[in-house]
Amino acid sequence: MWKFFHQLASPPHFYRLAAVLSPWLAAPGIALIAYGVYAGLFLAPMDYQQGDAFRIIYVHVPSAYLSMMAYMIMAVSGGIGLIWRIKLSHAVAAAAAPLGAAFTFLALATGSIWGRPMWGTWWEWGDPRLTSELILLFLYFGYMALRAAIDDTAKADKASAVLALVGVVNVVIVHYSVEWWSSLHQGQTLMKKGGPAMDPAMLYPLLAMILGFTLLFGSLLLRRVRTEVLFRERRTRWVREMILSPEGS
Amino acid sequence: MTDAHKEQPSIFSGLAATARRDLLLAWKRPGDVLNPLFFFAMVCTLFPLAVGPSAEQLEFSGPGVLWVAALLATLLSLNSLFGSDFEDGSLDQLLVSPQPLPVLALGKTAAHWLTSGLPLVLVSPILAITYRMPMSVVGVMMLTLTLGTITLSLLGSIGAALTVGLHRGTALLSLLILPLAMPVLLLGANTVSLAAGNDVYTTGIWALGAYAIASLSLAPYATAAALRISNE
Amino acid sequence: MCPRNSLPSATECKLLTAKLSAANLTLIRGERCLFEGLDFALDNGGLLLLEGRNGCGKTSLMRAIAGMLSLETGEIHWNGVPVLQQRQTFHGELVWLAHRTGLKWDLTMVENLKFERSLRRQSDRDPEEVYAKLGIERLKRLPLRSLSAGQQRRVALARMLLADVPLWLMDEPFTNLDREGRKLVMELVEDHLGADGMCVMAAHQDVEIDAPVTKIRMQ
C-alpha cells in the first residue's frame, strides 16, 4: 500500500498515469452531462413555481458544489504537501485553484441569471449562498495572487498552503455568519433546503449533471496537474529524455 | 562554557519582551500609531460628504460605516507588523531565538492590537456621536470593536507574515485579509445595527467573542509557520 | 548516535559523533544549485570557515545551519540529533551575527540588549566589561540610528558576547570594521574557541585565527 502511494507521488509515474486516466474520466463525464442537459431541458417537467427558470440549477448546483470541493482539494493537498513534503501534492493544489475559481464564477453567474426572473434583480445581497460564494471567489483570488507574487515555487507552495488552510476554517465561519446575517434581513431564499421532494424526472438529470461535472473536473484537474508537473520538473532528466525521445510527449 | 543548570528565560519573558519592545518602538514613533487613527476619522468623514448629512441616513448607516472604516484602518497598520523587523534583520533574530515562535508572534500581535485596535476603540465614540448614535448603542459598538479588532489583528498577523518581504506586499495583504475579515465585519456591524434598532444583539457578541478566542488560540501557530516559510 | 534505520558508513558515523555535523547537504534556490553533497563536522574549539565570492551561497549555508532553510537533501545534526527536530533547543545554543544586525534603530543600545536578555540565556560576563572591551561604553544611551555602521556592528558583537552559547554563527563579521576592529573580532573568536566554544564564519577576507580550522571552499 505504502509503495503504491510512494510510486503515485513520483512525478514521472504520475505524469504517465494521469495521461491514461484523464480521458477515462472525461468520456463518461461528457456523456453524463449530455444526458443531463437533454433530460434537464426537455424531459424534466416545468417547476410549478419557477417555471422554466429553475432549469439553470442543472448548471448552478454542480458548479457551486465543485467550487467548494475544489477549495477542499486545494487545502487538503496543500496541507499534505506541507506536512509530508510531497511536491506532487503542491502541484495538485496549484492546479486546482484556477479551476475552483472558474466554477465559483460559473456558480455566481448562473445564480445571478436565475435571480433575474426570480427576484427581479441580477444580484440579491440578501441571499446567503450567493454572498458566501462571492467571498469564496475572493478567497480564490487571494490564493492565486499570493502564488503569483512569490517567485520561488517551493516557497509559494508552502505559503499558499498555509493560506488555504486558514481559508478552510474561514469558509465555515463565513457560511454560518452569512446565514445569520441574511436571516436578520429576511433573506428571500427560494431554494430552501428540506423543501418538497423533487420529482424524479427533475432529480435524475441533476444527479447526472453533478456526477458528470465532477468527472469532468477530475479529468481537467489531471490535465492541469500534468502541465504543472511538467513545468516544475523541466530541469530534470526524465522530462528532457521524454521530450527528446522519438515518441515525443 | 554552557552552564547546564541555567535555564533559558521563560516563554512569558519572551512574550512580554516582544510586546514591550514593539510598544516602546511605537512610543518613539507615534506617527505609526496616529496615522491609522487619522485615516479612520477621515473615512468616517467621507460618507456624510458623499451621501448627504440627513440625520436619518447617518443614523442608519453609522454602524456599518464605522466598522468598515475600522477594518480599513487596521489593514493600513498591518503592513508595519513584520515589515520593519524584516528590513533590519531583527525578524531573523526572532526566528533563531530559543523562544517558541508562536509565542513571539503573539507578543508582537498583542502590541499591534494595543497600538492599533485599542486606540480605534477609544476614538470610535467621538465619531459615533457625529453619526447620532445613542449612548446605549455606543457601548455595544465599543464592545464589538474590541472583540473584532482583536480578531482582525490576529488574522492580519497571518497575512502580514505571508507577505513579509514581498514587493508590493501592501495590495496583496489587503487581498488576502479582506475575505478573511468579512465575517468579522458582518458580525460586528450588524450587532451594532441590532442594538440601535432595540433588538436582541447578544448572539453577535457571543459569536464575535468565540471568533476572537478561536483566532487567539490558532492564529499564532499559522503566523509562526508563515514567518518560517517567508524567511526561507 | 546514528539515528537511522540502515547502518551508516564509517565516515557518516564519524560525522554524527561530532558536536555539529552535516552530511550530504544540497540546496537549490530557484533555478540554481548552491551546493551539493556538502559534508562537514565541527567539534568544540573548532572553527568552520566558509570561503568564496559573494553570492556563492555562504549566507544560505549559514541560514541552513541555523535551521531556517529547508534543504533539498541531507540533514544537519547537533549532538547527533537533527536540528529541525530540536530547533528550539538548538537555537538556545547559538547566536547568529547576521549581515543585517537585527538591532532596532529607534532604541538605545541598552534597550536593544535588554530585549535580547529576555529571550536568551546570558553569560556571567559583566556587561560593562564587555562594552569597554568593544569600546562602546559611552554609547549606551544613544539611539542606534545615531551610531556609525562600525559602532552598530560592535553592539551586535556585544549581544553575541553576552549570550551564554557555545556556537557562534558569524556572517561576514568584518564588514564595516576598521583594522583594529577586525583584529578585535579575531581575538574574541580565539578566546571563544579557547574556552571550548565553536564558530562558523563566512568571510571573503583572510582570517588569521589560531585554532583548528576546517575550510569549505564554495563555488
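# Reading a predicted three-chain model

Modeller: The largest nonpolar core has 194 residues, and those with the most contacts inside it are A:Ala96, A:Val162, B:Ala226 and C:Leu169. Helix H8 of chain B gives the most to this core, with 15 residues. This is a predicted model, in which local features need pLDDT of at least 70 and side-chain atom pairs count only at pLDDT 80 or more, whereas totals for chains, interfaces and linings use all residues. Residues are numbered from 1 along each chain as its sequence is written, and chains are lettered from A and ligands numbered from 1 in the order in which they are written.

Colleague: Is A:Ala201 buried or exposed?

Modeller: A:Ala201 counts as exposed because it has 12 C-beta neighbours inside 10 Å. A:Ala201 is found in helix H7 (residues 200–232) of chain A; helices (H or I, at least four residues) and strands (E, at least two) are DSSP runs, numbered from the N terminus. Beyond residues up to four places away in sequence, A:Ala201 touches A:Leu43, A:Ala44 and A:Pro45. The C-alpha atoms of A:Ala201 and A:Leu43 are separated by 7.0 Å, although the two residues are 158 apart along the chain.

Colleague: How many residues does each chain bring to the contact of chain B with chain A?

Modeller: Chain B brings 23 residues and chain A brings 23 residues. On the side of chain B that touches chain A, H8(B) gives the most, with 11 residues. That side divides into 19 nonpolar, 3 polar and 1 charged, where Ala, Val, Leu, Ile, Met, Phe, Trp, Tyr, Cys and Pro count as nonpolar, Asp, Glu, Lys and Arg as charged, and the others, Gly among them, as polar.

Colleague: What is the strand order of the open sheet in chain C?

Modeller: Two strands pair if DSSP finds at least two bridges between them. In chain C, 5 strands form an open sheet in the order E6-E7-E8-E3-E9, with parallel pairing. The edge strands are E6 and E9 (213–217), each pairing on one side only. Strand E3 (residues 47–51) is joined to E9(C) by 5 bridges, and C:Glu51 has C:Arg217 as its bridge partner in E9(C).

Colleague: Which helix lies across E3, E7 and E8 of chain C?

Modeller: Helix H7 (residues 179–194) of chain C does so, running at about 145° to E8(C). Axes are lines fitted to C-alpha atoms, for helices over the stretch in contact, and angles run from 0 to 180 degrees between N-to-C directions.

Colleague: How many residues of H2(C) are buried?

Modeller: In helix H2 (residues 58–65) of chain C, 7 of its 8 residues are buried, including C:Lys58 and C:Arg63. H2(C) is followed by C:Gly67, whose phi is positive, near 80°.

Terms used. Two residues are in contact if their C-beta atoms, placed from the backbone, lie within 7 Å. A residue is buried if 20 or more other C-beta atoms lie within 10 Å of its own, exposed if 12 or fewer, and partly exposed in between; C-beta atoms are placed from the backbone. A nonpolar core is a set of buried Ala, Val, Leu, Ile, Met, Phe, Trp, Tyr and Cys residues joined through C-beta atoms within 7 Å.
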